[in-house]
Structures are given as structure tokens and as C-alpha cells.
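Subject: Structure handover

Hello,

Here is the structure you asked about. My notes follow below it.

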Amino acid sequence: MKAATTQTIQLENVSKFYGEVLGVNRVDLDIEPGITSIVGPNGSGKTTLMNLLAGLIRPTQGRLRILGLEPSQPEDLFRLVGYCTQFDSFPRGMTGRQFISSFLSLHGYAPADVKRMTEESLERVGMTEAANRRIAGYSKGMRQRIKLGQALAHDPQVLVLDEPLNGLDPMARAEIIGLFREQAERGLHVLISSHILHEVDMISDRVILISHGYIVAEGEIQGVREEVQERPMQIMVRCSEPRRLARAILARDSVTEIQLHKDGAGIHLRTRDSSGFFDRLAELVVEEGLELESMGPADDNMQAVYRYLVADDSSGSGDIEFSDDSMADRADSGDGGDTLGEED
Amino acid sequence: MSTAQAPAPASLSSAQLPSGWPLWVRQVLTVVRIDLRKTLLGRRSLLIYAIASLPIVVMLFTVLVKRPGGEALFANLADARRAFAMIFQTLILRGIIFFGCVAFFSNLFRGEVLDRSLHYYLLSPLRRPVLVIAKFVSGLTITWVLFMGTTVISFLLIYPPFGVSRAIEDLFNGPGGGQMLAYAGLAMLACIGYGSVFMILGLWFKNPVVPAAAVFGWEALHFLLPPMLKRISVIHYLKGMIPIPMSEGPFAVVTDPPPVFLSIVGLLIFSVAVLTIAGLVIQRFEIKYADD
Amino acid sequence: MSVYGRNYKGYSGPTTSAWERFLVISRYSLQDVFRSRLFTGFFVLCFVWPLACAVLIYLHYNIEALTILDLSALDLIEIDTTFFLWGVLRPQTAISFVLIMIVGPALISPDLRNNAMPLYLSRPLNKSDYILGKLTVVLLLASAVTWVPGLFLFFLQSYLAGGSWFVDHLQIGIGVFFGSWVWIVVLSIFALAVSAWVKWKPLATMAFVGSIIVLSALGTVFKLLYDTWWGSIIVFDDLASRVFSQLFGVESSSELPVFVAWFFLAVFAGFSLFLLHRRIRAFEVIS
């Protein structure tokens with residue numbers, strides 16, 4: 001096996017088109033060890049990026065290397081890489097134990113080593129007891145864990161995890177997150193994708209925001225947050241008396257623009273101080289006796305994507321759109337496991 | 001689950017792992033083991049065994065059931081061997097082996113794509129051409145076990161009405177032994193030839209039925225083809241090795257079958273060529289399950 | 001007030017009556033079938049032969065056209081029972097076999113593969129509606145290429161021949177109509193049964209063709225070995241041929257008794273229905 005010639009994951013001008021549909025476009029990244037989260041809405045190109053890294057799809061243009069190795073060198077690459085894909089599917093008829101041991105055998109380990117490593121991996125993801133059951137009968141969380149176990153079994157240096165927390169209950173999430181931390185502390189690359197930033201920002205060293213196939217921001221999470229705070233946000237408020245609401249808002253608030261929605265049942269407005277706006281809107285609704293149907297970010301543009309992805313608890317929108325913000329923010333202050341322990 | 005209590009992973013260093021041929025052989029064996037477990041040990045395998053054993057049932061029938069008048073079905077061993085030749089060419093070769101190869105080999109890759117599990121192989125330290133060979137060996141192992149097994153057992157079932165001593169005599173000193181080996185060899189070569197074709201069809205086409213039906217038509221109408229075109233059919237190479245050929249009817253374009261050695265080499269070269277193409281196809285294969 | 005309370009208004013318009021609800025499934029399945037341009041092309045080609053037959057019948061009665069083509073009616077094939085049996089019904093049933101092979105096995109397997117059965121059966125539809133809905137698709141398409149053009153040709157000939165031809169040859173019409181129905185009903189039910197048991201569409205198609213061919217080979221082997229008609233009971237084409245002969249009132253070269261042919265066709269269809277009913281259910285059993 002070739003030794004890793006570099007310690008980073010590099011993507012140089014990587015693009016992927018599915019026919020005329022853009023997957024990702026001109027991605028340049030240099031990812032260092034630690035936990036890196038790729039965050040973006042559904043369909044933004046996260047899975048495409050990860051599949052490109054693993055060689056499951058080929059780039060239309062550009063070049064990518066993981067620790068100096070290209071996806072065309074699977075014998076070397078996949079001894080270093082463990083990929084937990086988003087596909088919720090498994091080889092037919094296998095038990096959890098067979099699933100991990102079979103694919104470990106493909107690495108060339110001796111049967112005794114395969115057995116030992118399989119048991120270690122099963123224990124790590126808490127699946128020892130269910131290991132002899134067929135995967136087809138597992139719950140969603142168990143399937144997710146056995147996939148993680150398979151990706152971790154050969155002790156890779158790079159872990160690529162596509163939506164790894166999907167389907168896990170809060171306790172399992174905390175434990176899996178602890179597992180990621182453990183790997184990262186050992187100097188591994190842990191690459192996690194998620195469409196919910198709060199899910200991963202408490203553990204990430206870096207974040208890459210992706211939207212419509214473009215990398216829209218990357219860096220440490222605090223820097224990305226600050227960048228977003230500066231931008232105006234478009235909000236949609238639906239109510240029974242939009243004209244009266246618009247007049248009341250204009251009289252009291254510093255919004256930059258208000259438009260009546262074309263169906264006459266709501267308004268669009270822009271504000272630089274969204275958190276203040278939501279606070280004042282609550283007071284205004286009570287004072288004016290208005291009935292609101294819904295409210296939330298309405299932009300389809302990049303700022304809205306930023307806002308959606310990094311919206312913090314102080315925005316006030318958490319009441320409606322981001323119901324688990326409070327937990328995430330508390331978790332921000334400590335590690336996931338402890339915070340969730342307090343929750344319990 | 002407890003991350004705190006879980007033991008630290010103690011993987012082996014890469015230097016301790018095999019590479020090159022030792023690794024490839026181990027990988028091929030692993031893939032074969034996975035496929036054998038999936039195909040031959042599940043509940044569905046009962047149906048596969050049932051279909052593969054149809055010729056055995058037919059031969060058992062010939063042993064147990066006499067003609068309506070009560071006379072034995074075969075007057076002598078030569079008659080019995082001729083009857084087996086007909087059963088082999090009609091039922092085993094053109095029916096069970098052909099459709100069995102379509103089902104097993106076209107499913108080797110397409111089945112993994114439909115089960116959405118091919119990516120597990122592609123995310124292993126496994127070269128894609130090695131995966132092609134491993135899958136082909138899987139298909140061959142399964143079909144050889146089933147179809148060579150069924151051919152040999154069916155052939156042996158021509159002997160019970162004639163007794164053990166006649167059977168031993170015919171198998172070891174008469175034409176029986178040679179014919180049995182020839183039929184087993186034919187089944188083996190048919191699996192190689194048809195298997196390679198249907199494996200690549202399963203890689204190329206989302207729905208390999210239409211091309212498989214075209215191959216069936218081509219093979220079935222082979223007797224009408226001009227000599228040049230006969231050469232690009234699997235049955236052409238197999239025909240020369242059949243111990244007791246059947247008449248192809250008055251409309252057949254008769255040509256001399258190729259010599260046995262040439263038939264074997266021709267089929268093997270053909271299969272290696274197809275596998276090479278399959279190796280190239282899978283190098284460019286992308287995982288896009290949503291399309292399937 | 002809850003969002004539900006403010007916005008949700010249940011549908012209060014007219015609904016499809018229960019007896020015709022299965023047609024909803026047929027409608028959507030037909031749309032799916034015709035989404036393939038390849039199939040649409042094939043379906044159009046299915047009418048080429050009946051069209052040629054129609055031209056042939058027309059030529060028989062058009063002196064002017066015969067003169068232009070320098071032909072006499074005697075040069076053309078005679079329009080009689082043999083023409084309708086071997087020139088119309090057999091080719092069109094063969095074409096309908098291909099059509100059923102393409103459409104039938106693909107109807108249920110995708111629903112089972114995608115675990116869609118609970119979605120269907122949680123609507124006001126029962127198992128029989130579902131099966132009937134799917135069966136209607138195959139029957140409609142197969143009818144369109146078998147008895148519909150067959151009867152059209154029969155009526156065309158009756159009209160052009162005039163006189164008592166229609167009454168004298170009523171058996172042909174009966175043969176075309178009932179012969180086609182026997183063929184398409186049995187094959188369609190069998191195709192759906194295969195589709196319900198083999199979840200992969202291409203493999204289901206292959207299983208459909210494969211089982212018919214393997215059974216035919218098996219039956220032929222028995223016929224040749226024992227020199228008896230009993231082998232024909234698993235050869236679908238032999239069974240159908242015998243029934244066609246009876247319906248057309250012509251002599252059959254087969255020794256297979258006609259009641260045996262009817263009986264085994266019924267067994268074939270009944271067993272397929274049994275398989276179909278066992279497999280269609282609103283839940284998935286994980287083993």
C-alpha cells in the first residue's frame with residue numbers, strides 16, 4: 001500500500017453535471033484533519049460531493065485526492081477511507097455481523113482478525129446484541145448504526161459520513177457524536193454532511209456551506225455566522241388582515257421593504273434585524289388583535305439559505321421553524337452527551 | 001451503546017495485509033462466499049433447486065413409469081442414451097441452462113444495483129476488474145454446481161433399469177463415461193459462454209430482458225443462419241461436442257461443427273473478451289440508484 | 001386556533017362509485033405503460049398485420065383494384081375458417097403473447113419492490129379491486145390486438161361478402177372472440193402472478209417467458225419419450241390450439257381430448273389466481 005503523501009483532502013476545480021443538471025460546480029477545497037461538516041439544504045450537492053470523494057461517481061471536470069490518493073486507486077484508498085452512505089439499503093439476507101465481517105474480508109484480513117475487528121466494531125456502535133439478526137428486520141436507527149459500524153470497522157483515517165445522524169434518537173445521536181469526536185481527537189478526518197447545521201455545529205471544527213451545487217461559505221463556524229448576521233432577510237407573514245398588519249409594522253418597525261403577497265393573504269418584508277423584528281411582531285399582534293397563520297424566512301436566495309442554515313435561537317423564529325434550536329444552543333456550550341444528559 | 005467502554009480499535013497495519021494476487025484471490029473468494037450465501041442458502045433458493053432439478057424429475061419419471069403397454073421405456077442402453085441426448089438438448093441446454101444463466105448472470109450486477117448494495121463493493125479496497133472476475137466466478141460456481149450437478153445426476157438416472165453391473169460396464173468400459181463427461185463439459189462451457197454474455201448485458205442494460213430475448217432468438221434460429229453468422233453464437237461451439245446430435249429439421253443450413261479443441265478455445269477466448277469489455281465498462285460505472 | 005382548524009377542509013365533492021374504483025388503478029397503469037415510446041411503437045406495429053388482412057379482404061371484392069393489380073380473386077388467399085384461424089387469430093395471439101410479456105410482468109412487481117401495496121390497500125380499494133385494476137390493463141391492450149381486429153375483419157368480410165356469409169360462418173366469429181379471450185385471460189393472469197412473485201421487473205419478464213418455454217420443453221420431452229398426448233397438458237400452446245380447433249369447428253391433429261385442454265387451462269388460470277391472491281397483501285413479511 002502506498003503511504004499517504006499529504007494529510008489533506010483536496011478538491012481542485014471539481015464539477016459534476018448529471019446531463020444538464022448541476023451536481024456541484026467548481027469546488028475547490030482543502031480539508032484538514034478534524035471534524036468538517038458539509039451543510040446545505042436537501043438537493044444542494046452534499047451527497048454528490050461525498051460520492052465524488054469516494055469515487056462512486058466521476059467528476060465531469062477537476063481532480064480530487066484523499067490523503068494524496070485518487071478514487072481510481074481503490075486498493076490503497078479504501079484502506080484509509082470509511083464511507084457511510086445515505087443509501088438505506090443492504091446486501092440481501094445478511095445479518096449485522098455478516099454485513100461487517102463480509103466487507104472486512106474484502107480488505108484481505110485473516111479470518112481471525114476479521115472476527116476480532118467485527119466484534120470490536122459491533123461493540124463500538126452498540127449492535128452486539130442484535131448482530132445475529134437480519135438487517136431487514138432492524139429499525140431505522142439500528143440500520144444507521146450498523147452502517148456506521150461497517151464504515152468504522154477497518155479503522156480508517158478518513159471517515160466520510162452522509163447524514164449519519166438520520167433516524168437516530170437523541171441518546172444515540174449523542175453517543176454517535178461522541179464517537180466522531182473520539183475519531184477526530186485521534187487525528188482522523190471526519191467529514192459529516194447534514195442539512196441541519198445545529199445538528200453538527202457543536203462538534204465541527206469547520207463548516208462548509210453548500211447550496212445549489214456551489215460552496216457558499218467555508219471556515220470556522222463563528223466566522224460564517226457573523227458573515228450572515230450582516231445580510232437583510234426576507235420574511236413572509238401570512239394573516240387574515242395583511243394591509244392592517246403592514247400599516248402597523250411600518251408605523252413601529254424599521255423594515256426596509258414591505259410587499260403585499262399576490263394572493264392577498266400575507267405580506268413579504270425585508271429587515272436587517274430579524275430577531276428584533278420577531279420580538280416586536282409578537283407584541284404588535286397582541287396589541288392589534290391580529291391573527292397570524294404562519295411566518296418564516298421566504299427568500300429563495302443565498303442569504304435565505306445562509307439564514308436557514310445558521311439561524312440562531314435569538315432570532316425568535318425558533319418558535320415556528322426551528323423547534324430544536326434551544327437544545328442545540330445549550331449543546332453549544334458543552335459536549336453533546338453531557339447536554340443531552342441534562343435534558344433528560 | 002457505550003462509546004466510553006468500547007475498546008479502542010486495534011487494526012492491523014497495512015503492511016501486514018496481503019497485496020497483489022494473494023489479496024485478489026482472497027477478495028474473489030469473499031465475493032463468491034457472499035453470493036453463494038445469498039443465492040443458495042436463502043428460502044428463495046428452494047425454487048432455484050426445484051427448477052434446476054426438473055431434468056432429474058424427468059429422468060426419475062422414465063425410471064419409475066413404463067410405457068402404457070407395460071413395456072420398458074428404453075429397450076437398451078443405446079436407446080436410453082439417445083433419449084438423454086434429446087432431453088439434454090431440448091430441456092437442459094436450451095431451457096434450464098439458458099434461462100438459468102440469464103437469471104443468475106444478468107442479476108450479478110443489476111441485482112446489486114436494484115438492491116442498492118453495489119456501492120458496498122465499490123467502497124472496498126477492491127479493484128473493479130477484480131470485482132468483475134469475482135462476480136463471474138460467483139455466477140459460474142452457482143451455475144456449475146446446479147447445472148453440471150443436474151446433468152450428471154440426470155445422466156446417471158438412465159442406468160437404474162439396467163442394473164449396477166451394466167452401469168459400471170457402460171461408464172468405465174463403454175461409451176457412457178465419455179458421454180457423461182462430455183455432457184458435464186458442455187454444461188460447464190455453456191455456463192461460461194452464456195454467463196459472460198448475460199453478465200455484460202446486466203451491466204449495460206437496465207432491463208436486460210430485451211437483449212436476452214434477442215440472444216434467445218439468435219440461438220434458437222441458429223440452425224437457419226449462414227455459416228459466417230453461426231460462428232457468433234454460443235450454441236455453434238457447443239454443437240460440435242454433443243455426443244449424439246439431434247436433427248435440426250429440413251430447413252437447417254448444415255455446416256460442419258468446429259473441432260472440439262477449437263470449440264473450447266473459441267468459447268474461452270470469446271468469454272475472456274467479453275469479460276475484458278465488462279472490466280472496462282465497470283471502470284466507468286457510476287452509482288446513481290435513482291435512475292434504476 | 002390550530003392550523004388544522006383554520007385551514008383544513010375535507011373533500012366534499014363527488015367520489016368514484018365503488019364498483020368502478022378499480023378503473024383508477026387501470027387508468028394510471030395505462031398511463032405508465034404508454035410512457036414508454038418503445039412500447040407505443042410496438043403497439044402500433046401490432047396492427048400492421050390486421051391491416052394487411054383487411055386490405056386482402058377488401059381486394060377480394062374490389063374488381064377495379066384487382067384489375068389495376070392484374071389479379072383475379074382466385075389468385076388471392078381464400079377468406080374462410082383457415083384464414084381466420086391461421087391467418088388472423090394465431091398471428092395476433094402470438095403478438096399478444098409478446099405484448100403481455102412486456103406489459104404483464106411489469107405491472108405488480110414495481111409496487112411490491114417499492115412497498116407500495118400498503119399505500120394502495122389503505123385507500124378504499126380491496127385486493128380484488130387492485131388485481132382487477134391491473135388485469136384490466138393487460139386485457140384491454142391484448143383485446144385491442146386480438147379479438148377487436150379479429151371481429152373487425154370478420155364483420156368486414158361479412159359485409160363485403162353479403163348474403164348469408166355471416167350466418168353461415170358464425171362459428172368463425174365465435175372462434176375469434178372466445179379463442180382470443182381464453183388466450184389473453186389465462187396468459188394475463190399468469191403474467192400478473194409472476195409479477196407478484198418476482199419483484200425485479202426484467203426477471204419477472206424472463207420468468208414469464210422462461211416458465212412457458214421450460215414447461216413446453218418438458219412437455220415435449222414427455223410427448224417424445226412416451227409417445228402420448230399427456231405431455232401436452234403443460235404445453236400452453238398445445239392446450240390453446242386444441243381449444244381453438246374446437247371453437248372454430250375444425251379437425252385437430254392433436255390427440256389431446258378437448259375437455260382435458262379446457263380443464264388444464266382452467267387449472268393454469270386458477271393456480272395463477274391463487275398465487276396472485278396469496279402475494280397481494282397490505283403488509284410486508286420480513287424474514
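In chain B, 39% of the 292 residues are buried (20 or more other C-beta atoms within 10 Å of a residue's own, with C-beta atoms placed from the backbone). Bear in mind that this is a predicted model: local features need pLDDT of at least 70, side-chain atom pairs count only at pLDDT 80 or more, and totals for chains, interfaces and linings use all residues. Residues are numbered from 1 along each chain as its sequence is written, while chains are lettered from A and ligands numbered from 1 in the order in which they are written.

Chain B overall. It has twelve helices and zero strands (DSSP runs, numbered from the N terminus: H or I of at least four residues for helices, E of at least two for strands). The C-alpha atoms of chain B fill a box of roughly 80 × 45 × 35 Å along the principal axes. Take the contacts in chain B with a separation of 6 or more: 82% of them join residues 24 or more positions apart (a contact means C-beta atoms, placed from the backbone, within 7 Å).

Helix H12 of chain B. This helix covers residues 260–283, 24 residues in total. H12(B) reaches 35 Å from first C-alpha to last, close to the 34 Å expected (1.5 Å times one less than the number of residues). Its buried residues are Leu267(B), Ser271(B), Val274(B), Leu275(B), Ala278(B) and Ile282(B). What covers them includes helices H6 (128–156), H8 (176–204) and H11 (234–239) of chain B.

Cores. The largest nonpolar core holds 222 residues (buried Ala, Val, Leu, Ile, Met, Phe, Trp, Tyr and Cys joined through C-beta atoms within 7 Å). Val160(A), Ile97(B), Ala190(B), Val103(C) and Leu192(C) touch the most other members. Helix H4 of chain B (residues 77–114) gives the largest share, 21 residues. Leaving out residues up to four places away in sequence, Val103(C) touches Val33(C), Val137(C), Val138(C) and Leu141(C). A second, separate core has twelve residues, including Val237(A), Leu245(A), Ile267(A) and Leu269(A).

Chain A sheet. Three strands form an open sheet in the order E2-E1-E4, with antiparallel pairing (two strands pair if DSSP finds at least two bridges between them). E2 (21–31) and E4 (61–66) of chain A are the edge strands, each pairing on one side only. Strand E1 (residues 9–18) of chain A pairs with E4(A) over five bridges, in the antiparallel sense. Ser15(A) stands opposite Gln61(A) in E4(A).

Best wishes

Definitions and conventions. Contact = placed C-beta atoms within 7 Å.
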